[in-house]
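This report concerns a predicted model. Please view the sequence and the coordinates together before reading on.

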Amino acid sequence: MANVLKGLNVVGECRDANLGLWSCPPFLFVVLGAVNILAMVISYLFSSRFVEEPEIAALIVIGVSLLIFVVGNFIIHGFANIAEANRMKSEFISIVSHQLRSPLSVFKWTLDAIDRERGGPAPIPAAVDASIKLLEENTEKMIGLVNMLLEVSRIEAKRLVLNVERVDLAGLTGEAVRSSVPYAAAARVTLEFVPPQRLPSARGDREKVKIIVQNLIDNAVRYSPNGGAAVVTLVPRDSKFVEWRIQDHGLGIPAADQRFIFQKFFRSGQAMRHHTVGSGLGLYIARSFIEALGGEIGFTSQEGKGSTFWFRLPTDNA
Amino acid sequence: MAKKILFIEDDPALQKALGNFLREQGYDVHAAADGAEGLAMAARELPDLILLDLILPGMHGLEVLKAMRRDETLQAVPVMVLTNVESNESIEQAIELGARAYLVKTSYSLDEVLSKIQGVLGGGPE
């Protein structure tokens, strides 16, 4: 009995499938049924008044009802196909991501095991050592990429789970900057960050905020082909928000590309010419996270001069 | 007596990488390639710790965990889930079924896995 009732809970079913009511096939089916009944009643009232023979009246009722049923079914079928395609797309990303992770964990752990030989009796030749480092770096890069794909699939399936807590933005930024300094130096970018004297704590999801901060720092470094300084600042914003920003002296974003910058898989032509590697997912993920956390994200940029990316998170007043 | 670890994992390359590493650390590592074999081996060997993958041929890792929770002798054996599946449902289910930790393989280095194992076993291999 409970199962029957559950099957009848169309609204719940639509919610589970992440579909709006009016684009949800089971709901539309119920609506279609109601419309059909209404049409039958109206055509019956109409034909019983104006048509003499009851057979013809019945035929009209059946005809109208059949027409509505057939047309309605086509429409519902179309919606069902779209909904199914959407579901499969999210599922596909998640399956691909998990399947890709298996060989990646083999790479990672095997390289870890090789790494342990370093201190061993047989020294590793320098060239081999460099190759191992290269493999390690690229394995981590790919793991990062797969993790991003998974985040996107969660965002798309509206399955983003946030763990909202007090976030020490200054501490977290300090750590991210410190770990990025060597990589930035290799690109001749000097990363600067002066922790503010007094700053209210922010509210957010620490892991997600870390990803955003790392993404924005990586972008500033990556798209500064001529080096220069990239400056990170943190300031309170009208007591309700804490603002994080990074200013670089890099490529900048062409005006025509600016409105697409937060779109999934978008990469500016500028960026592609200078750096072929990049998923076009970092900023999309950053914006999805920030919006889910009740913050804001944006940027100002001038081609050839550089960009400033910023985000704001609500302050932790509790 | 070295502490006994049962590693239930269908990927031979991972069996080798983590299995050999743990043996080097002095653990007595037993390998099972699927869920049913893992369960049988757990009952026979009564390990100090079980490392359990989720996507396994035949019997899913969560089913293995469920079966272990129903078994009087296996109930007390700590289980660490070691997988690449990262969904909130499976994390919740595994923890509900009593898993002591849920580690995503690509997020942990061998050394980090080792320290988690030491954490659960309360010390080194002896």
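## Basis of the model

The model is predicted, so local features need pLDDT of at least 70 and side-chain atom pairs count only at pLDDT 80 or more, while totals for chains, interfaces and linings use all residues. Residues are numbered from 1 along each chain as its sequence is written, chains are lettered from A and ligands numbered from 1 in the order in which they are written, and side-chain values use heavy atoms, with hydrogens and water left out.

## Nonpolar surface patch

A nonpolar patch on the surface is formed by Phe29(A), Leu66(A), Phe69(A), Val70(A) and Phe74(A), which together have about 530 Å² of accessible area. Patch members have over 30% relative accessible area and no salt bridge; nonpolar side chains (Val, Leu, Ile, Met, Phe, Trp, Tyr) are joined within 5 Å, and like charges within 9 Å. Areas follow the Shrake-Rupley method with a 1.4 Å probe, and for residues only the protein chains shown count as cover.

Helix 4 (residues 54-115) of chain A contributes the largest share of the patch, four residues. Helices (H or I, at least four residues) and strands (E, at least two) are DSSP runs, numbered from the N terminus. Phe29(A) belongs to helix 3 (residues 25-50) of chain A and is partly exposed at 45% relative accessibility. Here buried means under 20% relative accessible area, exposed over 50%, and partly exposed in between (1.4 Å probe, protein chains only).

## Second largest pocket

The second largest pocket holds about 910 Å³ of space. Among its 31 lining residues, Arg87(A), Ser90(A), Glu91(A), Ala157(A) and Arg159(A) are the closest to the centre. On a 1 Å grid over the protein atoms alone, a pocket is an open set of points with protein on both sides within 12 Å along at least five of seven lines, where a 1.4 Å probe fits; lining residues have an atom within 4 Å of a point. Grid points are joined across faces, edges and corners, and the volume is the space filled by probe spheres set on them.

Helix 4 of chain A gives the most to this lining, 11 residues. Helix 4 and helix 5 (126-156) of chain A and helix 4 (88-96) of chain B each supply at least two residues. The lining has 10 nonpolar, 10 polar and 11 charged residues, where Ala, Val, Leu, Ile, Met, Phe, Trp, Tyr, Cys and Pro count as nonpolar, Asp, Glu, Lys and Arg as charged, and the others, Gly among them, as polar.

## Salt bridges

Over all chains there are 18 salt bridges, each a side-chain nitrogen of Lys or Arg within 4 Å of a carboxyl oxygen of Asp or Glu. One of them pairs Glu86(B) with Arg101(A), with the closest N and O atoms 2.7 Å apart. Glu86(B) lies in the loop between strand 4 (79-83) and helix 4 of chain B and Arg101(A) in helix 4 of chain A, so this pair joins two chains. Glu86(B) is partly exposed at 28% relative accessibility, whereas Arg101(A) is buried at 1%.

Glu243(A) and Arg245(A) also meet in a salt bridge (2.7 Å, N to O). Both belong to a network that links Arg237(A), Glu243(A), Arg245(A), Glu296(A) and Arg312(A).

## A position in helix 5

Val152(A) is located in helix 5 of chain A and is buried, with a relative accessible area of 1%. Val152(A) and Glu140(A) are 12 residues apart in sequence and 18 Å apart in space, C-alpha to C-alpha.
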